[in-house]
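Subject: Structure handover

Hi,

Here is the structure I promised you. Please open it next to this email and follow along.

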Amino acid sequence: MTRIASAAAGFGASSAAGPLVMLLGMLMFALNDAMGKWLVSSYGLGQVILIRSVAALIILSPLLWKAGFAPIVGAERKGMQLARVMFSTVEVFCFYYAVMYLPLADVMTYWLAAPIYVAAASPFLLGEKVGWRRWSAIAVGFVGVIITLEPSSAMFTMPAVISIIGSAAFAFMMISGRFLRGTPDSTLVFFQITGAGIAGLFFVPFDWSPIQSQTDLLLLGLLGVVAMAAHMLVNRALKMSDAATVAPLQYTLLLYAVIFGWMFFGDVPRLTMIIGAVLIVASGLFIFIREQMLKRRQADPPIEVP
């Protein structure tokens, strides 16, 4: 009896700690984004991504060593793995390009629209059924994206276009990940980081800048460490608590982006960004909650009474 009580108490503590771990993971992602915006203003895009990837692989190497290289060599669905790496590489390059020219909160708003793109594409790519409620939420989300873009003659500036492409690539990366549920997280992250690093190495000859100080070198390396810590914290949070509890906390990224954008770069959120962000977040939350409800219904079908 005592053992059962202890196990229940431990489970409760883990469940309660899950949201805190998720919030910390989101904070680490926001720090990664702010540091990246700071660094790409002084160093080449390929240079930043290459050093970030090397540092992240150094942190990841003990996990890979412990797991062995069999999951990497024998990874399932090689073509889908390659597609996911391509999407993730495009996504990370687009993100760091976008933050060079746009406020952090604006870029984060575009990226938070990715779950809306996933919901819109899932009937065609995943064969999932989407009802009128979710289609309505998807439409509201797209309206939010358009409002954030501020429809005008200058609507499709290069940074804005790159942001849309990057967030769409992020959405397709998420979709491809659904086909690779059997692949360990460490293997997916390894492929993702390695792909970005190789692409960064390709661009380095064209945009390498001498590192100006030891502090900048430390920040370049820390960028990869912070990114890996963020991934580990999020994965841990999802194991400690159910997705319905912790996944909606990803939208705190927008709050962090507004705070860090104001503190470090003097960015003041535009009214159109705030309105668009509200619509995007509300749409994303509705889609997520609706999907969770449908999953529970499928898991617990009604009992037929004879």
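This is a predicted model: local features need pLDDT of at least 70, side-chain atom pairs count only at pLDDT 80 or more; totals for chains, interfaces and linings use all residues.

**Overall picture**

The protein has 13 helices and zero strands. Read along the sequence, the pattern is α-α-α-α-α-α-α-α-α-α-α-α-α. There are 306 residues, and 45% of them count as buried. Take the contacts with a separation of 6 or more: 89% of these join residues 24 or more positions apart. The exposed surface comes to about 16000 Å². Carbon and sulfur atoms supply 72% of that surface.

Start with α5, residues 104–111. Eight of its eight residues are buried, so α5 is largely enclosed by the rest of the structure. They are L104, A105, D106, V107, M108, T109, Y110 and W111. Note that D106 is on that buried list.

Next comes α6, residues 114–125. Here nine of the twelve residues are buried, so α6 too is largely enclosed by the rest of the structure. The buried residues are A114, P115, I116, Y117, V118, A119, A120, A121 and S122.

**α6 against α8**

One partner of α6 is α8, residues 158–178. Their axes are 9 Å apart, and the packing angle is about 55°. The two helices are therefore oblique to each other. α6 passes α8 in a right-handed crossing. From α6, the contact uses A114, P115, Y117, V118, A121 and L125. From α8, it uses I164, S167, A168, F170, A171, F172, M174, I175 and R178. By class, the contact of α6 with α8 has 13 nonpolar residues, one polar and one charged.

**α4 and its two partners**

α4 covers residues 78–101. It packs with α9, residues 185–207. The axes come within 9 Å and cross at roughly 55°. α4 and α9 are therefore oblique to each other. The crossing of α4 past α9 is right-handed. On the α4 side you will find Q81, R84, V85, S88, T89, V92 and F93. They meet L188, F191, Q192, G195, A196, A199, G200 and F203 of α9. By class, the contact of α4 with α9 holds eight nonpolar, six polar and one charged residues.

α4 also packs with α2, residues 45–67. These axes come within 10 Å, with a crossing angle of roughly 125°. That makes α2 oblique to α4. This crossing is right-handed. L45, G46, I49 and R52 of α2 meet V92, F93, Y96 and Y97 of α4. By class, the contact of α2 with α4 divides into six nonpolar residues, one polar and one charged. V92 and F93 take part in the contact with α9 and in the contact with α2.

Where does A75 sit? It lies in the loop between α3 (70–73) and α4. A75 is buried, with a relative accessible area of 6%. Beyond its neighbours within four places in sequence, A75 contacts A70, Q81 and F191.

Q81 belongs to α4. At 5% relative accessibility, Q81 counts as buried. Leaving aside neighbours within four places, Q81 is in contact with A75, E76, L180, T183, L188 and F191.

T183 is in the loop between α8 and α9. Is T183 buried or exposed? At 6% relative accessibility, T183 counts as buried. Its contacts, again setting aside neighbours within four places, are E76, Q81 and L188.

How far apart are the C-alpha atoms of A75 and T183? The separation is 6.6 Å, although the two residues are 108 apart along the chain. T183 and G74 are 109 residues apart in sequence, and their C-alpha atoms are 9.7 Å apart.

Q81 links the set: its contacts include both A75 and T183.

Best wishes

Notes. Residues are numbered from 1 along each chain as its sequence is written. Side-chain values use heavy atoms; hydrogens and water are left out. Buried means under 20% relative accessible area, exposed over 50%, partly exposed in between (1.4 Å probe, protein chains only). Helices (H or I, at least four residues) and strands (E, at least two) are DSSP runs, numbered from the N terminus. Contact means heavy atoms within 4.5 Å. Accessible areas come from the Shrake-Rupley method with a 1.4 Å probe; for residues, only the protein chains shown count as cover. Axes are lines fitted to C-alpha atoms, for helices over the stretch in contact, and angles run from 0 to 180 degrees between N-to-C directions. Angles under 35 degrees count as roughly parallel, over 145 as roughly antiparallel, 65 to 115 as roughly perpendicular and the rest as oblique. A crossing is left-handed if the near helix is turned anticlockwise from the far one by less than a right angle, and right-handed if clockwise. Ala, Val, Leu, Ile, Met, Phe, Trp, Tyr, Cys and Pro count as nonpolar, Asp, Glu, Lys and Arg as charged, and the others, Gly among them, as polar.
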